[in-house]
Amino acid sequence: MAGDASVRQRAAIRREKSPAFGAPPQAPEHDDLQDKLAKQKAAAAGPYKKPSQIAYKVSLVLVTIVAAVTRFWKINHPNQVVFDEVHFGKFASYYLQGTYFFDVHPPFGKLLFALMGWLVGYDGHFLFDNIGDSYIDNKVPYVAYRAMPALLSTLTVPVVFLTMWESGYSLPACLVSAGLVLFDNAQIGQTRLILLDATLIFSMACSLLCYVRFYKQRHAPFSRKWWKWLLLTGVALSCVISTKYVGVFTFVTIGAAVAIDLWNMLDYRRGLTLQKFGAHFVARLIGLIVIPFFFYLFWFQVHFTILYRSGPGDDFMSPEFQETLSDNVMTLNSIQVNYYDTITLRHKDTKAYLHSHPDKYPLRYDDGRISSQGQQVTGYPFNDTNNHWIILPAVPIPEGQRAGRPVGNNDVVKLRHVVTDTDLLSHDVASPYYPTNQEFTTVSIIDSEGPRHNDTLFEVRIEGKKKQQLRTMSGLFKLVHHPSKVAMWTHGRPLPDWGYKQQEINGNKNIAQKSNIWFAESIINSDPEDKRFSKEPKKVKTLPFWKKYIELQRAMFHHNNALTSSHPYASQPIQWPFLMRGVSFWTKSDTREQIYFLGNPVGWWIASSILAVFAGIVGADQLTQRRGVDALDKKTRSRLYNSTGFFWLAWAAHYLPFYLMGRQLFLHHYLPAHLASALVTGALLEFIFGAEPVDEDEDGTVVSGSADAFAHAQGKKVRRVWREKDSESAESTLASWVVGVVLIGAVIAGFVFYAPLTYGTPGLSIEGVLRRKWLGYDLHFAK
C-alpha cells in the first residue's frame, strides 16, 4: 500500500509539473534522472559542459542583417505611388495638414507614417491621388515613409527567432522559422511600402514573444520581471488592435492561453488559495485588457487632437461632430429653417437634389406595371430652379404670425414645388424600379387642400437630439410620409429616357436605413434684413471624447462591413494557404516591370503541409491513446500540445475567422497567420527529427540494461516510447540541421526566382513571366 501511495504521489507531482494544455511554449524542463544520464554519457567522452549560446546570438545577428538587406534593397524603386499607398500616404498627408479624414482602420499605424513625415520636415502637400504618380516630381520623401515599415519588417524576423529560442527549440528549428519569414516574398513585398501590415505583423509577433517570456516567469509570480513581461504583452496587444481591427485575433490567441492557464490554476493540487487565484486573475485583467484598452483610446485622442480642420471625412460624421471642426461648412453656413422658407433639399449619400418638372410618369413601365401618370419627382445632380421647394406647416399659419417660426423635430409639414405650384405627395402606387416602394409625385394645391390632404403630409425626423430645430447643412433628417410611414429615398440607378436619366425618388418602407438621410442645403428667399443671415463669426463647438469615439467606432464598423463590392484581385481564404493567386500592385509598360504581391510558393506550401501534418499527428495520438497505446512520453506530448499547439492556435485564430467575413478579402490578410505557420514549421521540424525511441517504466523513468531487468524484477512494465532529445546537443540536432538546410535552401531558391516580381525590377521577358505563372497567376506582360 505504501508503494501504491508513492506511485500516486509521483504521478501527481508529474501532473503538477506538466504545463497546462494550450499554454504558450516554454523551455523544456528535464528531471534529475535525465540530467544525470546526460552527464554520465558526456563524462565518458570528457568533462561535462553545457552547450554555448554564442551560436544562437551569432545567428540572431546574421538573420537580422539579412532581413535588413532584403527589406531595404532598392526601396526607392519604384519612385511612383504603388497600390494602396494612395490611401495610407494620403492619410499621412492629412495628419500633417490637420485635415479630418475617415478610414475604417484605427489610427496607430497611420500616425507612425505621419510621425515619419514630421521628422523629415515634410508638410503633406502631396495627396497621393493616383497609382503611378511621381514622387520625384512632387518632392515627396517616400523613401523615409517606406523605411518605417521596412524597419518594422526587419525587426519581425529576429522576433520570430527569439520566440523560438525562448521556447527552448534547437538552433535549426529557430533558423527554419525565421527563414520562412525572412525569405518570404509576400512578407517583404507588403512591408516595404507605405502600408499598415508591417506594423500589424510586428506587433503581433511581439505579442507572442512577450507572452512566452511572461509565461516563463510563472514560477516567480508578481516579481518585477513577471510584471514587466505581462505589461509588455498588453502594450504589444494594444499596438496590434490599434493598427487594424483584425488584431482582435491576437487577443483571441493570447486570451485562450490565459484562460486555459487560469483554469488549471484552479486545480486544488496547485495549492493556490482563492485569494491568490483572484490576484492572478485581476493582474491579467489589468495587464492584458484594461491597459491595452486605454492605450487604444489614447491613439484616438491623438487622432482627434491632430485633425482639427474640416476635410473629406466630414460627410461620414454627424452634424454635431462636424461642428467641432474649424472651417467646417456647417459651422460657417448652418442657418435655422423657418416655415415658408424656400429651400433646396439634397440626399446625403448621392448628393442629388429633390427635383420635379411638369413631365408625367409613363402609363406603363417596361415590366408592364401601370403608374399613376402623375408629375415626375426625381433626383437631379445640378443646381436648378426646379429644385426649389417651400416648406409649409400642415395647418396654415395666419399671415401676420408667420415670421420666425422654426421647423422642429417631428413636425408634420408640406413641401410645395415652386415652379409648378404643386405639393409633394406619396401614395400606394409602386415606384418605377421598386414594386415594393411607393411612388412620389405632386398634386395641385386644390387637391392638396382637399381630398389628397393627408397624402401630402410628411414628418421631419431630425437625426440626433429629440428637441432641436431644422438647420441648413447640419440638420440631417428623414422625410417620412405621415400616413404610410415610408421614408423618401433615392439611389444611383438612372431612370430611362422618359425620366431624362435622372434618379428615381420613392418611398422606402425600411425607415431605419441610413441611406434615407437628407439635408436642407440652402434657403433661397433670403431677406437681407433677416438676422439669420448675418455673417457673425461662429465658434467651433466641442464634443466629449466619448461621444466622438463611439460615433467614429460605429461609422468605422458600418463602412468596414459595407466593403462587399467585387475587386479583380480579391481572393477567398481557402486560396491563401496554397497561394493560388496574388495581387497586381504596379506596372510599367515600357520596361516590362511589375510588382505582383505573391508569397514564396516553396515556403508557403511547406508551411501549409506542416500544418496538416501537425493535425494528423495530434489526431493519431488521440486515437492511439483511446486504444491504450501510449506512443509518446509525457514530456514530448506536453511540448507537442502546449508549445507547437500554441503556435497552431495562433495560426487558426488569425486565419479561420476570415471564413465568416462577407467583406472584400485579399492575400495580405493571411500574413499574420503565415508568420504563425512558420513557428509551427520550426517546432514540428524538431519534433519529427529530434525524437528517439527509449524504454521507460510505468513511472516514466528511462530504463536500460540492468535497470530494465531490475524493473521487471519489481513487477513494473517497460514500454517503448518516443522522447525528445536534448535540443542543445549536436547529436540530437544533426538530422534537424540536414533537413533545415535543405528546406531553407529551397525557400531561398523560391525567393530569388520570384524576386523580380517583389522588387519590381528587373523587367521580365515573356518567357520569364510565363515561367513564373505556376498556378496561373494573372501576371502582366505574359504576351
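Is Cys206 buried or exposed, and what is its relative accessible area? Hold that for a moment while I do the housekeeping.

What you're looking at is a predicted model, where local features need pLDDT of at least 70, side-chain atom pairs count only at pLDDT 80 or more, and totals for chains, interfaces and linings use all residues. Residues are numbered from 1 along each chain as its sequence is written, and side-chain values use heavy atoms, with hydrogens and water left out.

Okay, back to the cysteine. Cys206 is buried, at 16% relative accessible area; buried here means under 20%, exposed means over 50%, and partly exposed is in between, with a 1.4 Å probe and protein chains only. Cys210 is buried too, at 9%. The closest cysteine sulfur to that of Cys206 sits in Cys210, 5.9 Å away, so that's too far for a bond. A disulfide would be a pair of cysteine sulfur atoms within 2.5 Å, and the structure holds zero of them.

Now the overall picture. The protein has 22 helices and 16 strands; these are DSSP runs numbered from the N terminus, H or I of at least four residues for helices, E of at least two for strands. Of the 783 residues, 52% are buried. Take contacts (heavy atoms within 4.5 Å) between residues at least 6 apart in sequence: 74% of those join residues at least 24 apart.

Next, a buried lysine. Lys110 lies in helix H5, residues 108-119, and counts as buried because its relative accessibility is 2%. Its side chain makes a polar contact with the side chain of Asp103, at 2.9 Å. For that term, think N or O atoms within 3.5 Å; within protein, one must be able to donate a hydrogen and the other to accept it, and residues adjacent in sequence count only if both atoms are side-chain atoms. Beyond its neighbours within four places in sequence, the contacts of Lys110 include Phe88, Phe91, Tyr95, Phe101 and Leu196.

Last stop, the surface. There's a nonpolar patch with about 880 Å² of accessible area together, and its members include Phe281, Phe293, Trp546 and Ile550. Areas are Shrake-Rupley with a 1.4 Å probe, and for residues only the protein chains shown count as cover. Helices H12 (274-306) and H16 (545-561) each give two or more residues to the patch, and H12 supplies the largest share, eight residues. Phe281 lies in H12 and, at 42% relative accessibility, counts as partly exposed.

Definitions and conventions:
Patch = residues over 30% accessible without salt bridge, like charges linked within 9 Å, V, L, I, M, F, W, Y side chains within 5 Å. Salt bridge = Lys/Arg side-chain N within 4 Å of Asp/Glu carboxyl O.
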